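Let's take a walk through this protein together, one piece at a time. Keep the sequence and the 3D view open as you read.

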Amino acid sequence: MAVSLEVGEKELQELTRLATTYALAHGLLYLPVGDVQPPAPTSAIHAPLAIFPTSYPRSKFSLAQKLQPLFNVLYARVATDDQFLDKVMGAVEGAGKVDEFTGQLWRCWKQLRDEGIQQSWQLGLFRSDYLLHDPEGGKDVSLKQVEFNTISSSFGALSYRSSALHRYLAKSTSYFGAFPGLSLDDLPTNDTPSRLARGLAEAHEVYGSANAQILFVVQQNERNIFDQMDLEYELLERHSLHVIRQTFDDLVESAEIDATSRTLRIKHPVTNQAVEISTVYFRAGYTPTDYPTQTHFDIRLLLERSRAIKCPTIQLQLAGGKKVQQALTKPGVLESFLLDRTRWDGPDFTEDDVALLRASWMGMWGLDEDDGGGTDKARSAAEKLVLKPQREGGGNNVYRSSIPGFLDTLPTAEREAWIAMELIETPKGVINYLVRAGSGSQGAVRTETISELGIFGWALFGPGAKEIKHEEAGWLVRTKGTDSDEGGVATGFSVLDSLLLV
Ligand code: ADP
Ligand code: MG
Ligand code: MG
């Protein structure tokens with residue numbers, strides 16, 4: 001699969017010029033670091049990007065797309081299985097007992113259940129992430145899931161733009177012959193923003209109040225704002241839906257719910273009029289730093305208490321935890337979610353579907369398993385493992401040789417909050433040229449790379465996921481140097497990329 005990418009210095013410079021100007025012209029953008037730009041942004045930089053699309057087996061791309069509807073329904077069902085989530089993530093038995101953040105989320109959810117949940121519909125905008133597993137140098141390549149995201153799954157819009165960028169470079173330069181036999185048909189199209197916006201619009205429809213608006217809960221000083229704005233533009237252009245953007249801090253002042261109807265209203269920042277909210281879309285709230293005080297948790301609770309449809313609810317956020325991913329791999333669990341017709345109405349699945357999903361998983365176990373056995377196993381297999389806590393957003397994992405020392409200091413009680421996962425062994429010798437903007441930019445840097453494919457999906461579902469609407473919703477490729485264990489565009493490790501199917 002390794003494409004040699006023979007390209008001369010002059011050609012590379014021209015491709016870089018065309019790539020960065022296209023990115024700047026088409027909103028493939030980021031706000032610069034540390035530049036708050038009040039009262040409104042006046043400049044932007046291009047997002048970090050790959051000059052060439054990454055060659056990828058067509059069969060594995062199709063497989064990832066085929067898995068998405070299965071994962072959509074699976075996670076919708078997980079989010080409606082209170083007993084399962086209590087066991088895995090709860091504050092009494094599960095990860096929430098020792099992980100303060102998970103525990104706090106779980107306690108909020110428990111309180112909501114005690115009070116009586118007001119809105120039985122839930123919306124998920126998901127992204128399932130994969131790496132190619134190639135332990136034998138090309139002989140037996142398989143697709144393996146890294147994780148499943150149920151909150152703030154980002155880069156839907158920018159991934160659409162980076163695939164459009166590569167299509168443009170292919171059209172305008174044929175990549176100067178770097179891909180012999182290059183055909184535009186091999187660059188798959190990507191319509192992520194319109195599909196994700198459709199998910200939000202469907203939720204608005206189910207809520208059933210034409211004049212209501214959609215609330216985006218965002219982080220202060222968000223650099224990835226263009227990715228979010230594209231969704232706003234889609235909602236307005238295609239669905240005539242208005243969006244209000246608010247941080248948790250803004251919401252302390254602006255949010256209120258009606259005591260009887262539980263309608264959520266936001267005081268509009270300009271007109272001061274109270275605007276009814278149909279759907280709350282969280283692009284914040286996935287990390288403890290989003291909740292510096294109890295007031296921030298109280299605001300989350302207030303939003304959850306309302307009749308607005310949440311994307312995601314707390315329970316759907318909890319369902320995206322690494323501990324759930326690991327619990328699903330235990331014998332019989334997947335079968336109980338997909339094959340047990342006494343438990344679930346709605347789409348039927350087959351043994352083949354179960355086998356497909358299971359084959360996408362690496363080995364995983366809890367560090368708390370087998371009375372010390374889980375940690376012993378992790379210690380002895382450390383070189384082929386990654387340890388993960390219940391966190392999102394990158395930079396939280398422990399890899400390979402750091403594992404034994406980490407285990408030495410991990411209190412026994414905290415083992416419950418961590419999982420061990422076998423490392424995916426990615427294909428070697430894949431070369432790309434990566435460009436980052438900013439003062440440290442060195443132009444396009446030749447790099448041996450690893451590419452992570454993300455498939456988006458959305459699901460809108462009612463109680464017990466009996467009624468469910470869902471679809472696969474496009475894709476994302478993030479590419480990083482082989483010298484980095486972590487991924488993440490926002491964290492600076494990865495660049496935006498796309499696929500050339502081979
Ligand atoms: P987060 O929710 O913080 O994004 P991830 O599970 O995606 O957590 O881990 C972050 C990064 O670590 C991934 O993008 C990937 O590059 C790397 N990673 C995670 N799990 C594995 C694995 N099993 N094998 C190889 N790399 C992994
Ligand atoms: Mg990730
Ligand atoms: Mg994640």
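pLDDT is the predictor's confidence in each residue, on a scale from 0 to 100. Here the protein averages a pLDDT of 95, and 98% of the residues score at least 70. The model is predicted: local features need pLDDT of at least 70, side-chain atom pairs count only at pLDDT 80 or more, and totals for chains, interfaces and linings use all residues. Residues are numbered from 1 along each chain as its sequence is written, while chains are lettered from A and ligands numbered from 1 in the order in which they are written.

Eleven of its twelve residues are buried, so β5 is largely enclosed by the rest of the structure. Buried means that 20 or more other C-beta atoms, placed from the backbone, lie within 10 Å of the residue's own.

Now look at the neighbours of β5. Strands pair if DSSP finds at least two bridges between them. β5 pairs with β18 (residues 444–461) in the antiparallel sense over nine bridges, and Asp 129 has Gly 454 as its bridge partner there. Seven bridges join β5 to β6 (residues 142–149), also antiparallel, with Tyr 130 opposite Gln 145.

Next comes an open, antiparallel sheet of four strands, ordered β13-β16-β14-β15. β13 (364–366) and β15 (398–399) stand at the edges with a single partner strand each, so one side of each lacks a neighbour in the sheet. Inside it, β14 (residues 385–388) and β16 (residues 419–422) share four bridges, and Lys 388 stands opposite Ile 419.

Terms used
Helices (H or I, at least four residues) and strands (E, at least two) are DSSP runs, numbered from the N terminus.
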